[in-house]
Amino acid sequence: MGIIAWIIIGLLAGLIAKALMPGKDPGGLIITTLIGIGGGLLGGWLGKVLFGVDSIDGFFDLSTWIAAIVGSVILLALYRLLTGNRRSHRHA
């Protein structure tokens, strides 16, 4: 897949992850896209390590989208844990 496909998958996977995990989100559209791209890479790696499958096959493959969304949810949860405390201290 090309870089444009990774950016599109990243943006959409990041938006889906934010929809699945509603709440206060640190970061904007760029952070969402980066979380989605990183989530796609994480999801693909986890698919290979845990299940022995190549889950990042192509743009239109369901396994690519599932891997990207699952990885994005994991990264979003970690991102919220790391940045959530800093945001709450700013308003105090």
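A nonpolar core is a set of buried Ala, Val, Leu, Ile, Met, Phe, Trp, Tyr and Cys residues joined through side-chain atoms within 4.5 Å. The views below come from a predicted model.

**Figure 1. The largest nonpolar core.** Five residues make up the largest nonpolar core: Ile9, Ala13, Trp65, Ala68 and Ile69. Helices α1 and α3 are the elements that give two or more residues to this core. Helix α3 gives the most, with three residues.

**Figure 2. Contacts of Ala13.** Ala13 is one of the residues of the largest nonpolar core. Leaving out residues up to four places away in sequence, Ala13 touches Gly36, Ala68, Ile69 and Ser72.

Figure 3. Gly43 sits in helix α2, which covers residues 29-51. Is Gly43 buried or exposed? Its relative accessibility is 9%, so Gly43 counts as buried; the cut-off for buried is under 20%. Gly43 and Ala68 are 25 residues apart along the chain. Their C-alpha atoms are separated by 5.4 Å.

Figure 4. Arg80 lies in helix α3, residues 62-90. Its relative accessible area is 18%, so Arg80 is buried.

**Figure 5. A nonpolar patch on the surface.** Nine names belong in this view: Ile3, Ile4, Ile7, Ile8, Leu12, Leu15, Ile16, Leu20 and Leu29 form a nonpolar patch on the surface. Together they have about 840 Å² of accessible area. Which helix gives the most to the nonpolar patch? Helix α1, residues 3-20, does, with eight residues.

**Figure 6. Two members of the patch, Ile3 and Leu29.** Ile3 and Leu29 are both among the residues of the nonpolar patch. Ile3 lies in helix α1. At 65% relative accessibility, Ile3 is over the 50% cut-off and therefore counts as exposed. Leu29 is found in helix α2. Leu29 has a relative accessible area of 57%, so this residue is exposed too. In sequence, Leu29 and Gly14 are 15 residues apart. In space, their C-alpha atoms are 8.9 Å apart.

**Figure 7. Trp45 on helix α2.** Trp45 lies in helix α2. Is Trp45 buried or exposed? Its relative accessible area is 53%, so Trp45 is exposed. Trp45 and Ala67 are 22 residues apart along the chain. A distance of 8.8 Å separates their C-alpha atoms.

**Figure 8. The protein chain as a setting for the close-ups.** The chain has three helices and zero strands. Along the sequence, the pattern reads α-α-α. What share of the 92 residues counts as buried? The share is 35%. Take the contacts between residues at least 6 apart in sequence: 67% of them join residues at least 24 apart. The chain exposes about 5,800 Å². Carbon and sulfur atoms supply 73% of that area.

Key:
Residues are numbered from 1 along each chain as its sequence is written. This is a predicted model: local features need pLDDT of at least 70, side-chain atom pairs count only at pLDDT 80 or more; totals for chains, interfaces and linings use all residues. Side-chain values use heavy atoms; hydrogens and water are left out. Helices (H or I, at least four residues) and strands (E, at least two) are DSSP runs, numbered from the N terminus. Buried means under 20% relative accessible area, exposed over 50%, partly exposed in between (1.4 Å probe, protein chains only). Patches are made of residues with over 30% relative accessible area and no salt bridge: like charges are joined within 9 Å, nonpolar side chains (Val, Leu, Ile, Met, Phe, Trp, Tyr) within 5 Å. Accessible areas come from the Shrake-Rupley method with a 1.4 Å probe; for residues, only the protein chains shown count as cover. A salt bridge is a side-chain nitrogen of Lys or Arg within 4 Å of a carboxyl oxygen of Asp or Glu. Contact means heavy atoms within 4.5 Å.
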